Amino acid sequence: MLNEDKIKQFWKDGYLIVKNVYSKNEVEAYRNFISKESKKNLGEESLNYKELEQKNLKDVLSYPELQSVILNKKLISTIRDILGDEVVYWGYSSFRWNEKPYRSFHNDAKNDFDCPFTTKYPLVRVGVYLQNHSDFSNGVKVWKGSCHTLRYGRKLLKKIFIEKGSFKYLFPQQFYKSVNAKTEVGDAIIWNLRTCHSGSAVRLKILPNVSFHPLIENFIANYFPKMMIQEEKERAVIFSTFGSESFSLENFIKDNLKHIEMKNIFKNSNFLQNEEIKKISEELNLKLKNVIS
Ligand SMILES: O=C(O)CCC(=O)C(=O)O
Ligand SMILES: [Fe+2]
C-alpha cells in the first residue's frame, strides 16, 4: 500500500520511483530476453526506435518471458493507489534494447483538453530501467511538477492568463526544475502522462547530480563525451501504460489507433486470448481492455 503522503507526492511532482519491484534474477532474465529478441527482430546495431515500423512486435504482456513485468502485484497495487480506481491495460507497451539516445523535452498526454490545474490526468507510464541510473547516465529525466502546466497544443491559453496570470505554466522547461531520476536495478518509475520528461539523461563526471536541458545534453554527448559518466550496461528498458476508465483514456486510445506501428502491436498481441493471463489479471484486479474490434 502506498501511504497518503506518497500518493500526494505523485500528484504534486508528477512521478514516483517505486523501489524493489523486481528481483535481481528477474531483471537479469528480462535483460537476456530483450537482448535476444531485439537482435533477432531488429539487428545488432544501436536502434532508432522512432523510425522502425515494428511490424512483428507484440505488447509486453504477450511475451511469456515478460508477463511478470506487467502482472506484478506491487506494481499494479501501487498504480491502483495512485489512480484510485480499477487499473486498465490495453496493450500500449514496448521494450527497448540499446536504443540510440533520444533526448527531447516532451510529454505524452494525447487529446487532453482538461485543465491541468484542477484535474488529475488518469493515465500513467511505467518505466522499468534494467540497469543502474542512480550512478550512471541514460536514465530518464523528469520536470518536477510539470504535470500542472500547459504544454503547447493544449487549448487553455485563456484560462492560464486569467486564472493564473503567469507564464510559468506555459513554459515548464524554463520555470520548472528537472531531475535525473535515480532508479536502481529492480525499481520502477511511474510518471503521469502530463509530466514532461526526456530519455537518455546525461550525468557529468564533475557534477553527477546536476540535470541539464536535453539540448545541452546532446551538445555534451556530441562534442565532449569524455565529460560524461557512461552508461552502466547496454540500455534495456520496458515501458508500459495504464489508466482508469475515463473520457481521457478513451481519447488517448483513439490517438494510439491512429498510429500504424501501435495498431500493429495491438493486432499482434495475444494477451486477451490467454486464460492464464486473464486469471492472474482478475486476481490483481487489472482490467484487460480490447481496443481492436
Ligand atoms: O527513453 C526514455 O527513457 C523515455 C521514453 C519516453 O519518453 C516514454 O516512454 O514516454
Ligand atoms: Fe515520453
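The model is predicted, with local features needing pLDDT of at least 70, side-chain atom pairs counting only at pLDDT 80 or more, and totals for chains, interfaces and linings using all residues. Residues are numbered from 1 along each chain as its sequence is written, and chains are lettered from A and ligands numbered from 1 in the order in which they are written.

Student: How many residues of strand S4 are buried?
Tutor: Strands (E, at least two residues) are DSSP runs, numbered from the N terminus, and S4 spans residues 123-129. A residue is buried if 20 or more other C-beta atoms, placed from the backbone, lie within 10 Å of its own. Leu123, Arg125, Gly127 and Tyr129 point one way, Val124, Val126 and Val128 the other way, and all are buried.

Student: Which residue in S11 is the bridge partner of arginine 125?
Tutor: Two strands pair if DSSP finds at least two bridges between them. S4 and S11 (residues 236-243) pair in the antiparallel sense over seven bridges. The partner of arginine 125 in S11 is threonine 241.

Student: Which residue in S7 stands opposite glycine 127?
Tutor: S7 covers residues 188-192 and runs antiparallel to S4, with four bridges joining them. Opposite glycine 127 is isoleucine 189.

Student: Is alanine 29 buried or partly exposed?
Tutor: Partly exposed residues fall between the buried cut-off and the exposed one, 12 or fewer. Alanine 29 has 16 C-beta neighbours inside 10 Å, so alanine 29 counts as partly exposed.
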